[in-house]
Amino acid sequence: MTLRLEVFPDEEWAAASASRFDRLLSGLARPRLCLPTGDTMAPFYREVATRSSLDGATIFLLDEFGGLPEGDPGRCETMLEQHLLQLVTGEPELVVPEVDTPDTGASAARYQSQIEDGGLDLAILGLGGNGHIGMNEPGSEPGSATRVVSLKASTTDHAREAYGATVPPTWGMTVGLEQILAARRAWLMVTGRHKAEILKRALTDP
C-alpha cells in the first residue's frame with residue numbers, strides 16, 4: 001500500500017472525497033467496504049448520499065462499542081444508520097460485529113473470517129484524538145486481529161460526550177490492523193485543527 005497525502009480546503013474535502021468514492025463504486029460490481037462512524041464522517045456521508053447508490057455493496061462496520069443496549073445513540077451501528085444508510089439510495093448488506101453475545105472471542109473470529117472471505121475493496125478510517133484507528137488503540141501491532149479491546153478513558157469519555165452513549169462503554173470490538181492493512185485501498189480521513197498534532201505524529205513518529 002503506497003502512502004499518498006492530500007490536503008483539501010475545509011469547504012471542499014467532503015465533496016471531493018465523496019466524488020472519488022462514487023467513481024470507485026462505479027468500477028466495482030459488488031463493492032466490499034469497511035466503514036467507520038464519528039464526527040469526521042458525517043459531512044462525508046451527507047455528500048455520498050447525494051451522489052452514490054450502495055445497492056449491491058457489502059458494508060462491514062469498522063468497530064462497535066460493547067455494553068450499550070441495541071439502538072443506543074452511542075452505538076456505531078446506530079450512527080451509521082442515521083448518518084448514511086437512512087440517506088443513501090440502494091440496499092447494501094450491513095455486517096456488524098456481534099457484541100451482544102456471551103462468547104465475544106468467537107464472535108470476533110467469525111467477523112474476521114467474514115472480512116477475509118473476499119477481502120475489502122476499501123477501508124475508510126478516522127484518526128482518534130490519541131491516535132487510535134477503529135478501536136486499535138496506540139500500541140496495537142500491525143498484525144493485530146479483529147478482537148475485543150479495552151478502551152482508553154479518553155475514548156470512553158468521547159463516546160459519551162459526543163455521541164450520547166447512555167452508559168460509558170469500557171470495551172468494544174474492532175476490525176484489526178491486519179485486516180485494514182490487507183484492504184486493497186485504505187483512506188484515512190482527518191479534519192480539524194485539533195487533529196493536526198496527532199496526524200503529524202502518526203505520519204512522522206515510530
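Me: In what order do the three strands of the open sheet lie, and is their pairing parallel or antiparallel?

Reply: The order is 3-7-6, and the pairing is antiparallel. The edge strands are strand 3 (63-65) and strand 6 (147-150), each of which pairs on one side only, and from one strand to the next the twist averages 25°. This is a predicted model, in which local features need pLDDT of at least 70 and side-chain atom pairs count only at pLDDT 80 or more, while totals for chains, interfaces and linings use all residues. Residues are numbered from 1 along each chain as its sequence is written, and side-chain values use heavy atoms, with hydrogens and water left out.

Me: What makes strand 3 and strand 7 a pair?

Reply: Strands are DSSP runs of E with at least two residues, and helices are runs of H or I with at least four, both numbered from the N terminus. Two strands pair if DSSP finds at least two bridges between them; strand 3 and strand 7 (residues 171-174) have three bridges in the antiparallel sense, and therefore they count as paired. E64, for instance, has M173 in strand 7 as its bridge partner. Helix 4 (residues 104-116) packs on this sheet, touching strand 6 and strand 7, and its direction makes about 25° with that of strand 7 (axes are lines fitted to C-alpha atoms, for helices over the stretch in contact, with angles from 0 to 180 degrees between N-to-C directions).

Me: Why is S17 called buried?

Reply: Buried means under 20% relative accessible area, exposed means over 50%, and partly exposed lies in between, with a 1.4 Å probe and protein chains only. S17 has 11%, which is under the 20% limit, and therefore it is buried. S17 lies in helix 1, and leaving aside its neighbours within four places in sequence, it is in contact (heavy atoms within 4.5 Å) with F44, W187 and M189.

Me: What makes a group of residues a nonpolar core, and which members touch the most others in the largest one here?

Reply: A nonpolar core is a set of buried Ala, Val, Leu, Ile, Met, Phe, Trp, Tyr and Cys residues joined through side-chain atoms within 4.5 Å. Of the 47 residues in the largest one, F21, L33, F44, L54, L84 and I124 touch the most other members. Helix 1 (residues 13-26) gives the most to this core, with six residues. Leaving aside neighbours within four places in sequence, I124 is in contact with residues including F21, F44, W187 and M189.
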